[in-house]
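Please open the model in your viewer and keep the sequence panel beside it. The stops below say what to select next and what is to be found there.

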Amino acid sequence: MRAMVIVKADKNSEAGVMPTQQLLADMGKFNEELVKAGVMLAGDGLHPTSKGKRVRFSGQQRTVIDGPFAETKELIAGYWLWQVKSIEEAVEWLKRAPFDGGTEVEIRPVFEAADFGAELTPELKAQEERVRAQAAKNQK
């Protein structure tokens with residue numbers, strides 16, 4: 001299964017405070033372990049929401065909202081995409097991450113094609129596979 005590991009924002013990440021050299025080194029080592037184990041598929045840190053935008057959809061209307069956004073506890077500072085056997089395995093990996101100081105991290109399973117049942121027709125499944133293959137090619 002794939003799991004998204006979501007690192008929640010805090011006042012420091014929203015203020016643009018960069019991690020220390022030690023934390024970058026520790027995180028680099030942890031990421032290397034994840035890659036060597038075949039767990040890490042992707043991962044990145046995000047700029048503060050002051051550099052972001054949101055688009056609100058209401059019928060045909062699109063409203064662009066400039067950051068920063070309130071409610072820091074609901075914002076994301078970074079993420080990983082992991083391939084694991086179970087959410088419990090993801091938890092065990094995450095316990096080894098070099099976080100402290102009240103960092104909060106959420107783990108959520110990623111939907112797979114089989115999760116959509118009959119609603120994902122063979123045609124829609126083929127389309128999804130084509131899109132994923134093209135996206136993978138674009139990353140190279």
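Two strands are said to pair if DSSP finds at least two bridges between them. Helices (H or I, at least four residues) and strands (E, at least two) are DSSP runs, numbered from the N terminus. With those terms in hand, select glycine 43, which stands opposite tryptophan 80 in strand 5.

This is a predicted model, in which local features need pLDDT of at least 70 and side-chain atom pairs count only at pLDDT 80 or more, while totals for chains, interfaces and linings use all residues. Residues are numbered from 1 along each chain as its sequence is written, and side-chain values use heavy atoms, with hydrogens and water left out.

**The whole chain**

Show the whole chain as a cartoon, and the secondary structure comes to 4 helices and 6 strands, which follow the pattern β-α-α-β-β-β-β-α-β-α when read along the sequence. The C-alpha atoms fill a box of roughly 50 × 45 × 30 Å, taken along the principal axes. Of the 140 residues, 20% count as buried, where buried means under 20% relative accessible area, exposed means over 50%, and partly exposed lies in between (1.4 Å probe, protein chains only). Contact means heavy atoms within 4.5 Å, and of the contacts with a separation of 6 or more, 74% are between residues 24 or more positions apart.

Now select the open sheet of 4 strands, whose order is 2-5-1-6 and whose pairing is antiparallel. Strand 2 (40–45) and strand 6 (105–109) stand at the edges, each with a single partner strand, so one side of each has no neighbour in the sheet. From one strand to the next, the twist averages 15°; axes here are lines fitted to C-alpha atoms, for helices over the stretch in contact, and angles run from 0 to 180 degrees between N-to-C directions.

Go through the pairings in turn: strand 2 and strand 5 are antiparallel over 5 bridges, strand 1 and strand 5 are joined by 7 bridges and also run antiparallel, and strand 1 and strand 6 pair in the antiparallel sense over 5 bridges.

**Along strand 1**

How many of the 7 residues of strand 1 are buried? The number is 6, so strand 1 is largely enclosed by the rest of the structure.

Select arginine 2, which is placed in strand 1 and is buried, with a relative accessible area of 14%. Its side chain is joined to that of glutamate 112 by a polar contact of 3.0 Å. A polar contact is a pair of N or O atoms within 3.5 Å; within protein, one must be able to donate a hydrogen and the other to accept it, and residues adjacent in sequence count only if both atoms are side-chain atoms. Not counting residues up to four places away in sequence, arginine 2 touches several others, among them Leu41, Trp82, Phe111 and Arg132.

Then move to lysine 8, also in strand 1, which is buried with a relative accessible area of 19%. A polar contact of 3.3 Å joins its side chain to that of glutamate 106.

Next, select helix 3 and look for its buried residues, which are Ala90, Trp93 and Leu94. They cover an arc of only 95° around the axis, which puts them on the same side of helix 3; the arc is that of the directions from the helix axis to the C-beta atoms. These buried residues pack against strand 1, helix 2, strand 5 and strand 6.

Of its 15 residues, Phe30, Leu34, Trp80, Trp82 and Leu94 touch the most other members. Strand 1 (2–8), helix 2 (21–36), strand 5 (76–83) and helix 3 (87–94) each supply at least two residues of this core. Leaving aside neighbours within four places in sequence, leucine 94 is in contact with Val5, Trp80, Trp82, Phe99, Val105 and Ile107.

Definitions and conventions
A nonpolar core is a set of buried Ala, Val, Leu, Ile, Met, Phe, Trp, Tyr and Cys residues joined through side-chain atoms within 4.5 Å.
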